[in-house]
Amino acid sequence: MLPDQAWMARALQLARQGLYSTHPNPRVGCVIVKDGQLVGEGWHLRAGEPHAEVHALRQAGEQARGATAYVTLEPCSHHGRTPPCAEALVAAGVGRVVAAMQDPNPQVAGRGLALLRSVGIEVASGVLEGEARELNRGFIKRMESGLPFVSAKLAMSLDGRTAMASGESQWITGPAARAEVQRLRARASVVLTGADTVLMDGARLTVRGAELGLDEAQTALALSRPPLRVLVDGRGRVPLGAPFFQAGPALVAAAASVDAAPYRAAGHELLTLGEGRVDLAALLGELAARGANEVLVEAGPRLVGAFAAQGLIDEYQLFVAAKFLGSSARPLLELPLERMSEARELCIRDIRAVGGDWKIVATPK
């Protein structure tokens with residue numbers, strides 16, 4: 001591995017420290033190197049706190065002068081909650097800046113790198129860009145399209161069933177797979193479900209720290225920024241006494257005929273989107289407008305099927321248990337197709353064992 005790639009790999013490793021806590025900001029890491037030696041490093045922890053470059057510069061001190069800064073995302077050039085990082089790098093006297101990728105935020109979008117070049121700092125970009133984009137895929141999609149990155153989590157048997165005909169579904173998969181799902185929830189900006197899942201399973205959709213399988217520090221970070229829980233309930237079928245509502249404030253997406261007053265009185269928010277049924281694309285747009293980078297859909301076959309039918313799912317997280325539930329059990333998703341030509345093709349990105357189960361990550365082709 002070339003030196004630039006090796007140091008950027010370290011910066012990406014640092015950026016992942018913010019996997020569960022930086023929302024709505026991107027996950028960013030920075031290392032500062034002088035004469036081949038690491039003199040400072042840092043990462044962005046949460047919104048409103050110093051960015052990665054500031055932490056690294058503080059650690060480097062005077063050694064930053066003439067050094068190379070490796071940053072996983074173009075240094076910001078605008079005043080937000082914190083001052084521009086590009087200006088901080090200029091003030092510290094760094095001689096070279098290597099960015100993994102340009103910032104997709106229209107407020108930055110090349111301006112940070114241009115500012116550095118304008119004062120004579122050598123600039124390079126595109127080092128390990130693929131890895132950097134993957135780390136911040138939700139932030140990038142929100143900036144480029146106005147929509148969050150949507151993952152659908154599904155647990156099924158080997159015969160593609162998700163629950164018995166009665167609706168019984170706990171537990172299809174084992175503890176290791178359930179811990180993986182907890183980590184998916186913890187990194188998401190939003191965990192979204194439907195009325196059927198809440199009514200049948202008593203689902204709360206919370207992040208359970210004891211099941212995360214993370215160290216103490218990462219668990220504390222994950223629990224400090226819980227995802228927004230969203231319930232799609234077009235007709236207001238779920239009673240306010242349900243465990244889902246007792247678990248804390250939630251956002252309910254419903255149709256125009258549902259009265260918002262009882263939800264407000266109970267500490268929840270009702271968002272009216274559509275007539276008769278919820279406009280899912282409009283819901284995702286609203287969530288993005290609120291800063292949601294990643295949405296995890298954990299729902300039944302009807303709601304997941306609706307998202308899939310509208311082309312709103314970016315990635316499937318499929319957990320497969322080594323068991324059969326039988327032909328009368330419920331299907332993975334409701335997606336009525338009549339001809340082979342209508343089949344939805346997927347690209348399998350990853351397959352691996354998770355305890356006694358298997359996890360498949362796939363994206364629409």
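Analyst: Let's start with helix 8, which gives the largest share of the lining of the largest pocket, 5 residues. Please keep in mind that this is a predicted model.

Helix 8 covers residues 195-201, and other elements join in: strand 6 (149-157), strand 7 (161-163), helix 7 (175-187), helix 13 (301-309) and strand 14 (330-331) each supply at least two residues of the lining too. In total, 47 residues line the pocket, and G194, D196, T197, A299 and G300 lie nearest its centre. The volume of this pocket is about 1300 Å³. What classes of residue make up its lining? There are 19 nonpolar, 13 polar and 15 charged residues.

Now let's turn to the nonpolar cores. The largest has 46 residues, and M8, I32, L57, L89, V94, V97 and L116 are those with the most contacts inside it. Helix 1 (residues 3-15) provides the largest share of this core, 5 residues. A second, separate core has 34 residues, including M156, L303, Y316 and I360.

L128 sits in the loop between strand 5 (122-125) and helix 5 (129-135). L128 counts as buried because its relative accessibility is 16%, and the cut-off for buried is under 20%. L128 also has a positive phi of about 55°, although it is not a glycine. Here is some background: most residues other than glycine have a negative phi, and most peptide bonds are trans.

D35 has a positive phi of about 50° and is not a glycine either. Is D35 buried or exposed? At 74% relative accessibility, D35 counts as exposed, because the cut-off for exposed is over 50%. D35 is in the turn of a hairpin formed by strand 1 and strand 2, with 2 residues between the strands. Strand 1 (residues 29-34) and strand 2 (residues 37-43) pair in the antiparallel sense over 6 bridges, and C30 has G42 in strand 2 as its bridge partner.

Finally, look at the loop between helix 1 and strand 1, where P24 is found. A cis peptide bond joins H23 and P24, with omega about 5°.

Methods: Residues numbered from 1 in each chain as written. Predicted model: local features only at pLDDT ≥ 70, side-chain atom pairs only at ≥ 80, totals over all residues. Heavy atoms only, no water. Core = buried A, V, L, I, M, F, W, Y, C linked by side-chain atoms within 4.5 Å. Buried < 20%, exposed > 50% of the residue type's maximum accessible area, 1.4 Å probe, protein only. Helix = DSSP H or I, 4+ residues; strand = E, 2+ residues; numbered from the N terminus. 1 Å grid on protein atoms, 1.4 Å probe; cavity = no way out; pocket = protein on both sides within 12 Å on 5 of 7 lines; lining within 4 Å. Points joined across faces, edges and corners; volume = space filled by probe spheres on them. Nonpolar A, V, L, I, M, F, W, Y, C, P; charged D, E, K, R; others polar. Pairing = 2+ DSSP bridges.
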